Amino acid sequence: MTKAAKRPIKHLRWYIAGLLCLSSEINYLDRQTLSVLADTIQKDLGLSTVDYSHITAAFLWSYTVMYAVSGRLIDFLGVRRGFLIFVSGWSIANMLHGFASTVGQFRFFRALLGAAEPGNFPGGVKAVAEWFPVRERALAIGIFNAGTAIGSTLATPLVTIIALTLGWRWAFVMTGSLGAFWVVAWALIYRTPETHPRLSEEERLLILGEPSALPTMPAAVPLRRLLSMRETWGCVLARVLTDPISYFLLFWTPKYLQQERGFDLATLGKYGWIPFVGAALGNLFGGLMPRWLCGRGLTLDRSRKSAMFAVSCLVPMLCYLVTRVQSPGLAVAALTAIMWCHGAWANITLPAEVFPTHVLGTITGVAGSLGALTSALTQPRIGQVVQSVGFAPLFSIGAFAYLGAFVVVAVLLHDLGRIRAV
């Protein structure tokens, strides 16, 4: 190896955050392909809205089980190997959707996708905790999680173009194949800060100088010990209250625009991506605002909770507006603002602000699993309500979920930014 090849890469941790953002982009691009094509596939294969809700529920049932398992697997396998396995798995599963012709086949392939995709999130949170000091984790996770919204944003025009040009089956095959390129890049680039040959000693000291980032307690922690902590339940209940809103917005926004606002597939491709841009910007805001407030003397706890409370108060007004405005353009604007608030709330960041690195995969997995379980239970009900009544009752129910989740955080997660001993 030449001397130039060994030269440290300045600010390498932020390149790692960018790579994690790309994994989330591919994760949600694959996940959202079906949502964009739902109306097209329903008409082509004669499926009902309730059929569609059962297909999305199949994803969430396997997602629920594997979210908990994937957290433990990430802790056991490590971030590098875990990502290689999970990204390869979900990419193949998404490609298989292109061969489905019945509800049963779609449910099976959707369940495979749901079994592989959860590993992205405990893996990403754990990677951020390995590579970033505590004060930077909200921003780093915001960048990582912004990929979910960017992937959803790209899905609408990209999938539409492929479907209109080559047919909807090719959209699954082509989006699924993108994961192979990411897997190669990950295998070549990712190492831990302790062993990475391109990390400067100055940056290594910044990362590993945090007591919470040092591997001082590598032994496995029993799950019953984690479940006995109120901080665990604060993270879990925050996800239980807000994850169903996340999946409602993700899986049903394209159908809302087509069913309630009269968009066809071409119009959806032109404008349906805009709300997901709001989510991406919200994810970044959820990391940048607390950092800005901390720089002006506020604690991380007060900074994060101030941002969370402010966006929680905005959501009820926005949910009311989206059901009342007559203009499709104003409806898209209100949806964009709702998704911005959802991203800015940053529920996935919470475990990294209270738990040490060696249990983050498990905590994130348990919280995500129970959040997905709640979402799976709600999907068939959503389908029935949409088919019989419409979307207005669903926005009304979801309007106050974030305020409820904020109360949970305030009561159970005292002092964000203080890493607990486990």
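This is a predicted model: local features need pLDDT of at least 70, side-chain atom pairs count only at pLDDT 80 or more; totals for chains, interfaces and linings use all residues.
**Entry 1: helices 1 and 2**

Next I listed who touches whom. Helix 1 brings Arg31, Leu34, Ser35, Ala38 and Gln42, while helix 2 answers with Thr49, Tyr52, Ile55, Phe59 and Tyr63. Sorted by class, that contact between helix 1 and helix 2 holds six nonpolar, three polar and one charged.

I checked the confidence before going on. Mean pLDDT for the protein is 87, with 96% of residues at 70 or more. I marked residues 210-218, though, where pLDDT stays under 50. The model still gives that stretch 16 contacts beyond four places in sequence.

**Entry 2: helices 3 and 5**

I moved on to helix 3 (residues 79-96) and helix 5 (residues 120-131), whose axes come within 10 Å and cross at roughly 150°. That angle makes helix 3 roughly antiparallel to helix 5. This crossing of helix 3 and helix 5 is left-handed.

I found Val79, Phe83 and Trp90 on the helix 3 side, and Asn120, Gly123, Gly124, Lys126, Ala127 and Glu130 on the helix 5 side. The tally for the contact of helix 3 with helix 5 is four nonpolar, three polar and two charged.

**Entry 3: helices 13 and 14**

How far apart are the axes of helix 13 and helix 14? I read 9 Å, with a packing angle of about 155° between helix 13 (residues 300-324) and helix 14 (residues 328-345). Helix 13 and helix 14 are therefore roughly antiparallel, and their crossing is left-handed.

By class, the contact of helix 13 with helix 14 comes to 16 nonpolar, one polar and one charged.

**Entry 4: Gly278**

Is Gly278 buried or exposed? I got 4% relative accessibility, so Gly278 counts as buried. Gly278 belongs to helix 12 (residues 274-294). Setting aside neighbours within four places in sequence, I see Gly278 in contact with Thr336, Met339 and Trp340. I also looked at His342, which is 64 residues from Gly278 in sequence, yet their C-alpha atoms are 9.1 Å apart in space.

**Entry 5: two positive phi angles**

Last, I looked at backbone angles. His11 isn't a glycine, yet its phi is positive, near 55°. I located His11 in the segment before helix 1 (12-45). With 42% relative accessibility, His11 counts as partly exposed.

Asp415 goes on the list too, with a positive phi of about 60° in a residue that is not a glycine. Asp415 sits in the segment after helix 17 (401-412). I looked up its accessibility as well: at 35%, Asp415 counts as partly exposed.

Methods: Residues are numbered from 1 along each chain as its sequence is written. Side-chain values use heavy atoms; hydrogens and water are left out. Helices (H or I, at least four residues) and strands (E, at least two) are DSSP runs, numbered from the N terminus. Buried means under 20% relative accessible area, exposed over 50%, partly exposed in between (1.4 Å probe, protein chains only). Contact means heavy atoms within 4.5 Å. Ala, Val, Leu, Ile, Met, Phe, Trp, Tyr, Cys and Pro count as nonpolar, Asp, Glu, Lys and Arg as charged, and the others, Gly among them, as polar. pLDDT is the predictor's confidence in each residue, from 0 to 100. Axes are lines fitted to C-alpha atoms, for helices over the stretch in contact, and angles run from 0 to 180 degrees between N-to-C directions. Angles under 35 degrees count as roughly parallel, over 145 as roughly antiparallel, 65 to 115 as roughly perpendicular and the rest as oblique. A crossing is left-handed if the near helix is turned anticlockwise from the far one by less than a right angle, and right-handed if clockwise.
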